[in-house]
Amino acid sequence: MIVAPQATTPPAEVLGDRVRGKLGELGYPLPEPGELLRLAIVGQSSYFLQCALEEPSDWASPAFFDFRSGADDHALLERVRAFDPHVVLVFRPELIPARAFHALRALTLGWLTEPLPRGTEADPHPDLVRRLDYLRGADPTNFDRIVCFDPLVIPAASQILPVWRSVPLPVADSLYAEEITTDPAVRPLFIGRSTPHREWMLELSKHVRDVLHIGHGTSIEDLRELLRTTTIGLNLHNEPYPSFENRVPILMAAGRVVVSEPLSPNHGLEPGIDYIEVLNPWEVDQAIWAIRHFPEAWELMRLRGRVKAELFRASRVYPRLLANTFHDVAVFGSKRPRP
């Protein structure tokens with residue numbers, strides 16, 4: 001049995017009187033002593049509920065607001081205002097229309113979640129160029145601070161949005177398994193949209209290993225059920241360029257043996273120790289075969305990966321991130337127009 005870590009200190013409790021006073025002067029709302037921090041999380045539910053802070057929480061009252069490209073931003077703002085949040089956190093801030101958050105008193109935090117060109121790439125992949133072009137539609141004045149999931153794309157992203165710091169995407173607490181049971185005969189699982197690169201990597205295994213491929217986003221309830229019904233979790237890049245997908249810590253949190261293409265950055269995860277690294281379709285197939293035929297050989301890797309996944313647990317990541325954000329805004333202020 002794996003026991004969850006002790007809860008971290010609520011962000012409002014680590015703010016000294018001087019910091020609270022400065023934030024009050026700047027007009028940012030803060031919870032009163034004994035009051036829960038109201039955290040509004042905005043994003044497409046099929047992709048980002050798995051990264052959210054969930055109820056119950058002893059320090060926050062989180063609410064998730066589903067929002068995707070082309071959705072009604074006026075309806076979103078009405079729902080967020082009705083919640084009266086202290087903090088609004090947005091996954092994919094480029095989807096928020098220009099000046100939409102100028103009327104919010106709450107602290108606003110944008111989280112970049114998409115791969116982008118890296119500074120060392122002379123000829124970036126066309127998919128990365130397309131994503132960067134899409135990011136150009138973002139309005140930096142909507143947010144007090146911008147967080148990026150990948151530190152290596154900060155030079156490109158900062159041309160458009162002033163990235164404050166890099167933090168990998170969290171994993172919702174409900175996806176963590178405490179009692180882990182495995183069955184090597186169960187079908188390996190890959191969740192992710194179909195691309196030519198992924199189909200090439202999976203072609204051999206799909207023919208001989210009966211891989212279950214879910215090619216679209218899922219509800220968090222369906223995701224929990226899928227994770228319970230597999231032993232082997234696969235991670236493949238969207239296209240043949242390096243990245244770090246948050247499905248890796250999600251699979252580890254569920255106690256699965258993870259088979260993945262090389263991760264960059266690795267955010268503390270070590271190939272050959274925490275997960276099996278593969279480079280081509282044959283290696284994917286051989287990894288699945290080895291796990292199925294010699295499950296006991298991978299038990300330590302599976303358990304170590306489950307422990308490493310604690311680094312990404314939402315109830316640990318959010319209080320630290322929000323406390324740091326409050327402190328930084330109190331010291332350095334913000335350029336976001338506010339009422």
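## Aromatic pairs

This structure holds 7 aromatic pairs. Rings of Phe, Tyr and Trp (its six-membered ring) count as a pair if their centres lie within 6.5 Å; planes under 30 degrees apart are called stacked, over 60 edge-to-face, and the rest tilted. The model is a predicted one, where local features need pLDDT of at least 70 and side-chain atom pairs count only at pLDDT 80 or more, while totals for chains, interfaces and linings use all residues. Residues are numbered from 1 along each chain as its sequence is written, and side-chain values use heavy atoms, with hydrogens and water left out.

Let's look at W111 and Y318. Their ring centres are 6.3 Å apart and their planes stand at 70 degrees, so this pair is edge-to-face. W111 lies in strand β4 (residues 107–112) and Y318 in helix α11 (residues 314–332), so the pair ties together parts that are 207 residues apart in sequence. Helices (H or I, at least four residues) and strands (E, at least two) are DSSP runs, numbered from the N terminus. Together with F48 and F91, these two residues form one aromatic cluster.

Now try F244 and F312: with centres 6.1 Å apart and planes at 15 degrees, this pair is stacked. F244 is in the loop between β9 (232–235) and α8 (247–253), and F312 is in the loop between α10 (299–308) and α11, so the pair ties together parts 68 residues apart in sequence.

## Buried or exposed?

Buried means under 20% relative accessible area, exposed over 50%, and partly exposed in between (1.4 Å probe, protein chains only). W111 is buried at 0%, and Y318 is buried at 0% too. F244 is buried at 5% and F312 at 3%. W282, which lies in helix α9 (residues 281–293), is exposed, with a relative accessible area of 54%.

## Nonpolar cores

In soluble globular proteins, nonpolar side chains tend to be buried together. A nonpolar core here is a set of buried Ala, Val, Leu, Ile, Met, Phe, Trp, Tyr and Cys residues joined through side-chain atoms within 4.5 Å. The largest core has 32 residues, and L23, L39, F91, W111 and Y318 touch the most other members. Helix α11 gives the most to this core, with 8 residues. A second, separate core of 30 residues includes A63, A100, L112 and F143.

## Charges over rings

A charge sits over a ring if NZ of Lys or CZ of Arg is within 6 Å of the ring centre and within 35 degrees of the ring normal. The charged end of R165 sits over the ring of W164, 4.7 Å from its centre. R338 lies over the face of Y28, 3.8 Å from the ring centre.
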